[in-house]
Structures are given as C-alpha cells and as structure tokens.
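Welcome, and please take a moment to look over the sequence and the 3D structure shown here. The report that follows goes through a few places in it, one at a time.

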Amino acid sequence: MVEALGGFPAREVIKQWLKAGYVEEDIRHPTDAGVPQGGIVSPLLLNVAIHSMEQALGSDYTPRGTLRGKYALVRYADDIVVFCPTQDDATKAKAILVEWLGARGLRLSEDKTRIRHLLEGFDFLGFNIRHYLTPKSTKSGYKLLIKPSQDSIQQIRRKLKGIWRRQVGTPTVALINAMNPVIRCWSNYFRTGVAKKVFAGLNSFMYYRAKRYVKRRHPRKAGWWRTDQYWGRTRGRQDQWVFMDKEGKATLRKFAWTKSVRHRLVPKNYSPDDPTLQDYWRQRRARTSATEYRYRQLFQWQKGICPVCHQRLENGEDTHIHHVVPKKRGGTDDLPNLRLVHSNCHRQIHSSNAPLEVRQWLEPDAG
C-alpha cells in the first residue's frame, strides 16, 4: 500500500500512522496489519488503492468532464456503482473488477454485489435510484428519480420513536432539543433528492407520535386543552400545527421545512486542495449549503454589510449565520433570529467582545 502512494507528500506520516497502533484501557496494542476498524485514514488509503479503477474498466473523461467508454463508475469510499449498457456488459465489468481488486488484496462483497436493471432500482448511500416509466411526459419514456430508500425511512422512524419513548418523563423542551438535530441532519442529507412526499409522510408520523406523547403525559386533560397547550404557530410560518413548548419557547422542527436543493456538479479535476480554486469552493459552499435561501434573504436585508465590522460581507472572508437566541435556549432557524456575519466577527460575538451598538443591532426585533 505504501508503494502505491508514490510521491504523495504525506507518505511518511501515513507510514507512521499505520504503525502507531491503538490504545484500549490505557494499554497500547501494536498494529500488525491494516488499520483499525473505523479509522479515519481508511477511506484515504482505499481511494489510493482503487484510484485507477476507471481505467481498468476502459473508461475515462475528457478535459470537459465528458465520459469516454461504455462504463460509468460512481464510488464513495468502499461503496461502488458501475452503470452498464447491457446485462452482459455488467457481467463482464464484475469479472474485470474481481480480477483487478484481487491483484490489490481486495475483493467484492458477494452479499452486497448485485446486478440490477434501473427499472428495478437499487439503494446507494441511503438513496434509492430508479428509472420510472413516463411515456406521456418525457421524450425517452423514462424518468430517473433519486429518493430516500425505504431502509433509510424505517431507520429514521425507529430512531425518532425511540427518542419519543425515552423522553416521556423529561421536560418538553428537552425532548425538542433532542429531536431537532436528528430531524435537521436527516432532512439536510436527503434534501438533494426527490423527498417532498417522504418529508410530508414523516411530518404526519411525528404528529401522531406527538399526540401519543401528550396524551400519555396528560391522560386526564381534554383534547382541546392538550392542543392549546402544545400546538401553535411559530413566527415566520403560516402553519398553526407546530408542536412546541410554549413556556420554554422551543419549537419542534418539521421535515418539510427543509427545502430541496439540487446538487450542482463539480467540474472535472476541481480539487478543494488546489490553491487557485479557493474562490470557486468558497462561493460554492456559500451557495449550495442548506442555508442558501436564508443567505440570500439575510444578505439582501442587511444590504450586504456585516453588522459587527460594518464591512462588505463578500470581501473574500468566510461568512457564518449567527443565531441571536441560541438554539440551546430555544432559538429557531427563522429569519428574524438570524444575522449574517464574517467568521471572525462571529467568534467575536460569542466571546462577548462585540461593541454595545452591535449587540443592540443583533436584538431579534431590530431593524
């Protein structure tokens, strides 16, 4: 493996990493072979090992990123998908990869390796990729949709159900604070796919779980009392069926609040490590993040000015979104609670060194 690194700049560091061993219960154990399970260096070494897999399949890309060859390869760490024109080509591709990986001490997992038609679909990284017949709405008669897989949906439902059950005896604000990061993380991950109906279904699931939770906490109260106590309308949204802790001012996030954002392809050979492309990656992070819509709204409202240093926001420095009322104290992601600031200014705010006029400007009802 080390020989495969060639002239990689951190080659000596990786050699030391492989020999470093691991510590368990204050006892150091040497590393005789391979890397520890789950080690963060594992994906790096694997990508080094399978770097020329496209060439093994006879495929390559032009300088403009156009595919040359019959096979299209998609890989993420040790998860690989090969798109082929026919089933015979798929069988040949599998045989090529078995031989090519074997020469590198690797092998395909027989339990996970499948040859599937796109009309059947397949799961990859939590998504389901499938061709659907649409003879009346598309010229080709097919439409490719990428949705959250059923396994992913069942996993998030089980996880949320477990939180509902564990938090029955705790304050509602604690329940909401435990739920919101899970909901935000899951919905942000799947927002690049076709997930609108899935998000709506999970919202319904959460509503009925909330009803069970409230009824269990207040079995002797009337239904109208429970509704009045736990549901309402949050600022900036028209939905009046938002589960909340009105005393603690905490709001349970809904999956459908996460807007879909279509992924923009990165040009071929555009590496984040290329110093000449830092402006491209900075702009891409600012525009393709989960906060794209909020970024535009805040930028327009603030007239492109950082409230801390009073300089232009787009001066080459990274920008952060600051929560006036922190989430741990019940703050929301609604626009009135957000301010767009430079990264250094953000650190200044949280160190309590911001000028008094800035703190006043950052009040939720300011402007």
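Leucine 125 counts as partly exposed because its relative accessibility is 30%; buried means under 20% relative accessible area, exposed over 50%, and partly exposed in between, with a 1.4 Å probe and protein chains only. Leucine 125 sits in the loop between strand E7 (122–124) and strand E8 (127–133). Although leucine 125 is not a glycine, its phi is positive, at about 55°.

Lysine 303 is another residue other than glycine with a positive phi, near 55°. You can find lysine 303 in the loop between helix H10 (292–301) and strand E13 (319–323). With a relative accessibility of 65%, lysine 303 counts as exposed.

## About the model and the chain

This is a predicted model, in which local features need pLDDT of at least 70 and side-chain atom pairs count only at pLDDT 80 or more, while totals for chains, interfaces and linings use all residues. Residues are numbered from 1 along each chain as its sequence is written, and side-chain values use heavy atoms, leaving out hydrogens and water.

The chain has 12 helices and 14 strands; these are DSSP runs numbered from the N terminus, with helices (H or I) of at least four residues and strands (E) of at least two. Of the 367 residues in the chain, 34% are buried. Among contacts (heavy atoms within 4.5 Å) with a separation of 6 or more, 49% join residues 24 or more positions apart. The chain exposes about 24000 Å², and carbon and sulfur atoms supply 52% of that area, with accessible areas taken from the Shrake-Rupley method with a 1.4 Å probe, where for residues only the protein chains shown count as cover.

## Helix H5 and its cover

Helix H5 has 17 residues, and the distance from its first C-alpha to its last is 24 Å, close to the 24 Å expected at 1.5 Å a residue. That expected span is 1.5 Å times one less than the number of residues in the helix.

Which residues of H5 are buried? They are Ser152, Ile153, Ile156, Leu160, Gly162, Ile163 and Trp164. Their cover includes strand E9 (142–148), H6, helix H7 (196–217) and strand E11 (242–245). To look at one of them, serine 152 in helix H5 is buried, with a relative accessible area of 9%. Leaving aside residues up to four places away in sequence, serine 152 touches Gly126, Trp186 and Phe190.

## H5 against H6

Now follow H5 (residues 150–166) to helix H6 (residues 172–190): their axes come within 10 Å and cross at roughly 170°. Axes are lines fitted to C-alpha atoms, for helices over the stretch in contact, and angles run from 0 to 180 degrees between N-to-C directions. This crossing makes H5 roughly antiparallel to H6, the term for angles over 145 degrees.

On the H5 side, the residues in contact are Ser152, Ile153, Ile156, Lys159, Leu160, Ile163 and Trp164, and they meet Leu175, Ala178, Met179, Val182, Ile183, Trp186 and Phe190 in H6. By class, the contact of H5 with H6 has 12 nonpolar, 1 polar and 1 charged residues. Here Ala, Val, Leu, Ile, Met, Phe, Trp, Tyr, Cys and Pro count as nonpolar, Asp, Glu, Lys and Arg as charged, and the others, Gly among them, as polar.

## H6 against H7

H6 also packs with H7, at an angle of about 170° and with the axes 13 Å apart. That makes H6 roughly antiparallel to H7.

In H6, Thr172, Leu175, Met179, Ile183, Trp186, Ser187 and Phe190 meet Val198, Phe199, Leu202, Met206, Tyr213 and Arg217 in H7. The residues of this contact divide into 10 nonpolar, 2 polar and 1 charged.

## The loop between E12 and H9

Is phenylalanine 255 buried or exposed? Its relative accessibility is 0%, so phenylalanine 255 counts as buried. It lies in the loop between E12 and H9. Not counting residues up to four places away in sequence, phenylalanine 255 touches Ile156, Leu160, Ile183, Trp186, Ser187, Phe199, Leu202, Asn203 and Met206. Phenylalanine 255 and valine 198 are 57 residues apart in sequence, with 8.8 Å from C-alpha to C-alpha.

Serine 260 is in the loop between strand E12 (250–251) and helix H9 (278–288). At 41% relative accessibility, serine 260 counts as partly exposed. Serine 260 touches Arg191 and Gly193, not counting residues up to four places away in sequence. Between serine 260 and serine 187 there are 9.2 Å in space, C-alpha to C-alpha, and the two are 73 residues apart in sequence.

Key. Angles under 35 degrees count as roughly parallel, over 145 as roughly antiparallel, 65 to 115 as roughly perpendicular and the rest as oblique.
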